[in-house]
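Take a look at the sequence and the fold before reading on.

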Amino acid sequence: MFERILVAADGSEHSLRAAEKAIALVKGNEDAVIEIIYVVDSATSKADVLHNRGSIEIANKRKERLAGIVEKLDAAGVKYEIKTLHGEPGPTVVDYANEHEFDCVLLGSRGLNRLQSMVLGSVSHKVAKRVKSPVMIVK
């Protein structure tokens, strides 16, 4: 059914649930690959530079954010790849998803209320609107 799934992750509980759903979707398909992308925006990048001593420490901190997802993928025995991208999360996920062929794109819903969504917008809303592949938003 699903051969290639893209999961946008930030290390939050929402992205962990999205990864769990991706694992469930590929269960039993040994050819399936889940690709995890972690998008670093400018604010996160600046904070990482200010709070860490060097690029190796920054890379290790970013790996730590995705450790829960990696543990789940390893435990399930699923093939996966992890990529770190730089840019604004919404457009970066959209561009990456549209440049590659995925059977489905999964991401967690942060749970903004209606006013917050209207004023701020949301990554999940932007992705769902603009990605060419089917998109699943996991609550």
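What follows is a short tour of the fold, the core, one glycine and a charged patch.

## Overall fold

Keep in mind that this is a predicted model. The protein has seven helices and five strands. Going along the sequence, they come in the order β-α-β-α-α-α-β-α-β-α-α-β. Out of 139 residues, 35% count as buried.

## The nonpolar core

In soluble globular proteins, nonpolar side chains tend to end up buried together. Here, the largest nonpolar core is made of 22 residues. Val7, Ile34, Ile69 and Leu106 have the most contacts inside it.

Which elements give two or more residues to this core? They are β1, α1 (13-26), β2 (33-40), α4 and β4 (104-108). Helix α1 gives the most, with six residues.

Gly68 sits in helix α4, which covers residues 67-76. Gly68 counts as partly exposed because its relative accessible area is 32%, which falls between the buried cut-off of under 20% and the exposed cut-off of over 50%. In sequence, Gly68 and Leu16 are 52 residues apart, yet their C-alpha atoms are 7.0 Å apart in space.

## A negative patch

Now for the surface: Glu3, Glu30, Asp31, Glu101 and Asp103 form a negative patch. One of them, Glu3, comes in the segment before β1 (4-8). Is Glu3 buried, partly exposed or exposed? Glu3 is partly exposed, because its relative accessibility is 35%.

Methods
Residues numbered from 1 in each chain as written. Predicted model: local features only at pLDDT ≥ 70, side-chain atom pairs only at ≥ 80, totals over all residues. Heavy atoms only, no water. Patch = residues over 30% accessible without salt bridge, like charges linked within 9 Å, V, L, I, M, F, W, Y side chains within 5 Å. Areas by Shrake-Rupley, 256 points an atom, 1.4 Å probe, with all protein chains shown as cover. Salt bridge = Lys/Arg side-chain N within 4 Å of Asp/Glu carboxyl O. Lys, Arg positive; Asp, Glu negative; His and termini not counted. Charge placed at Lys NZ, Arg CZ, Asp CG, Glu CD. Helix = DSSP H or I, 4+ residues; strand = E, 2+ residues; numbered from the N terminus. Buried < 20%, exposed > 50% of the residue type's maximum accessible area, 1.4 Å probe, protein only. Core = buried A, V, L, I, M, F, W, Y, C linked by side-chain atoms within 4.5 Å.
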